[in-house]
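Subject: Handing over the two-chain model

Dear colleague,

Here is the structure I promised to pass on to you, and below it you will find my notes on what turned up in it. Please read them with the model open beside you.

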Amino acid sequence: MSFFWRLGSWSSIMWLESSSYFQQRADRYLKWAAWLLVPLYLVGVAALYAAFIHAPTERTMGEVQRIFYFHVGAAWTAFLAFFVVFVAGIAYLWRRNLFWDELGAASAEVGVVFTTIVLTTGPIWARPIWNTWWPWGDPRVTTTLVLWLIYVAYFALRSSLPAGEKRARLAAVFGIIGFIDVPIVFLSVRWWRTIHPVVITRSEVRLEPEMVQALLIAVAAFTILYFTLLLTRTAMRLQDAASEEIMQAVRERSD
Amino acid sequence: MGQLKLVWLLAIKDLKIEYRSRQAFLTTLFFAALILVVFNFAFDPGSASTRDASPGILWVALLFPGMIQLNRSFQSETEEGTLQGIVLAPVDRGILFLGKVLANWLFLLAIDLLILAVFIVFFNFAPDPSFLWVILFMFLVGAGFSAVGTVFAAMVTNVRIREVLLPILLFPIIVPIILAAVNATREVLIHQDFSTVERWLQLVVAFDVIFLAAGFLVFDYVVGE
């Protein structure tokens, strides 16, 4: 925890003049993130205990079913993250404050990481259970894949533009369009496969109460993890922006 | 001057430029035909499986040239600096957007219809009325494609790697209309089954409406101050 505080205070020493708006915000977020580590640790340990010990072993699927808790937790968090990108995009276009851009980019980063977790844990589970690594027939799988592609494209767009107002503006527009697209993608993928004979149907799984508890704790743990990462990444991005401001000032003075 | 007339004037300006050189149109058309030829080399021509895959081949042959056209649509504007002129004109940015969409759309439709003829010949289809459905989908899918594509093309105009970046941005977003186009075409041409076409049609129309409206609203932010 003290690591984060040191990180915050060290960078405020670097900022010799009155510390900038970005720097102040970054310091504040790092402190919040540090405090979040306490519940993250507690709920995280509880989630691991619930998933591996508290929840019973599923009768037909066996131990591999336990991946479900992490899979769903990551999926929920990914969708939340992309919703935040959408909201931050609207907020940026409305307020024109670069803070919203950094927040959106940080959330998209975390979202892509969690979507990658979803797309990795899915095949590990699907291979023994559905006998296929990649069930194209499941609309959720294909929608998640398209979601991943959209937000990787979001970073391709960002990295091809110089930092600044224009990049923030275009990234916001893309983040909004990408999010609007998601329900249409889901609908189209569902129709795509239900028209043809469905090879794989999601079998009716009735969850034991202990399983529901484990799932809820896992979702809570992942949500706290998301906010911790979001605050940390936003703070780091804001510090980048603040140090860029310093460089700019130094360059202007040396000219 | 009516707003619709403004849209038409902006579109006709682009199409006139295209018509005077004709080079871009013919090259794009040639490229699309080439894709159809390459796919026939890649698969076993005349076999049942190639015929089953032909709706997908047709739409791929339309998508790639469409991408090239979109990349070009703002190129001359930035090279000659005319975009500034248009942006300075007392015209709503949404109108400017619709003008560009219309120009791209008409350009693509001309390519689409000519390629469809090549497709019928190469894949040995009987030109029956079910192709009217395919043409209808060309109209509607082209509109959605142009709407999203015009927004993204305007976004990447000054980017060095725009030729690669535009497809990366565009393909994930247009997944719904690609699926709709390919599946509807397959149902109509291969299975002669018209029961699901209407549903795909609704999806494409919804996509068109949503993204024409979204593009109209956000284009102001894309072209900037």
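I begin with helix H8 of chain B, in which B:Leu165, B:Leu166, B:Leu169, B:Leu170, B:Pro172 and B:Ile173 are buried; a residue is called buried if 20 or more other C-beta atoms, placed from the backbone, lie within 10 Å of its own, exposed if 12 or fewer do, and partly exposed in between. Before going further, please keep in mind that this is a predicted model, in which local features need pLDDT of at least 70 and side-chain atom pairs count only at pLDDT 80 or more, while totals for chains, interfaces and linings use all residues. Residues are numbered from 1 along each chain as its sequence is written, and chains are lettered from A and ligands numbered from 1 in the order in which they are written.

H8(B) covers residues 162-173, and its 12 residues reach 17 Å from the first C-alpha to the last, close to the 16 Å expected at 1.5 Å a residue. Helices here are DSSP runs of H or I with at least four residues, strands are runs of E with at least two, and both are numbered from the N terminus; the expected span is 1.5 Å times one less than the number of residues.

Helix packing in chain B

Two packed helices are described by the angle between their axes and the distance between the axes. Helix H3 of chain B, residues 48-73, packs with H8(B) at an angle of about 120°, and their axes are 10 Å apart. Axes are lines fitted to C-alpha atoms, for helices over the stretch in contact, and the angles run from 0 to 180 degrees between N-to-C directions. H3(B) and H8(B) are therefore oblique to each other, given that angles under 35 degrees count as roughly parallel, over 145 as roughly antiparallel, 65 to 115 as roughly perpendicular and the rest as oblique. On the H3(B) side, B:Met67, B:Leu70 and B:Asn71 meet B:Arg162, B:Glu163, B:Leu166, B:Pro167 and B:Leu170 of H8(B), where a contact means that two C-beta atoms, placed from the backbone, lie within 7 Å. Sorted by class, this contact of H3(B) with H8(B) has 5 nonpolar, 1 polar and 2 charged residues; Ala, Val, Leu, Ile, Met, Phe, Trp, Tyr, Cys and Pro count as nonpolar, Asp, Glu, Lys and Arg as charged, and the others, Gly among them, as polar.

A second pair in chain B is H6(B) and H7(B), whose axes come within 8 Å and cross at roughly 140°. That angle makes H6(B) oblique to H7(B), and the contact between H6(B) and H7(B) has 11 nonpolar, 5 polar and 2 charged residues. The 30 residues of H6(B) should span 44 Å at 1.5 Å a residue, which agrees with the 43 Å between its end C-alpha atoms.

Two loops with a positive phi

Most residues other than glycine have a negative phi. B:Asn124, however, has a positive phi of about 60° although it is not a glycine, and this residue sits in the loop between H6 (93-122) and H7 (131-156) of chain B. B:Asn124 is exposed, with 10 other C-beta atoms within 10 Å. In chain A, the phi of A:Asn131 is near 60°, again a positive value in a residue other than glycine. A:Asn131 lies in the loop between H4 (98-130) and H5 (139-159) of chain A, and is exposed, with 10 other C-beta atoms within 10 Å.

Chain A has 7 helices and 0 strands, and buried residues make up 39% of its 255 residues. Among contacts in chain A between residues at least 6 apart in sequence, 80% join residues at least 24 apart.

A:Gly178 lies in helix H6 of chain A and is buried, with 25 other C-beta atoms within 10 Å. Not counting residues up to four places away in sequence, A:Gly178 touches A:Ile150, A:Tyr151, A:Tyr154 and B:Ile173.
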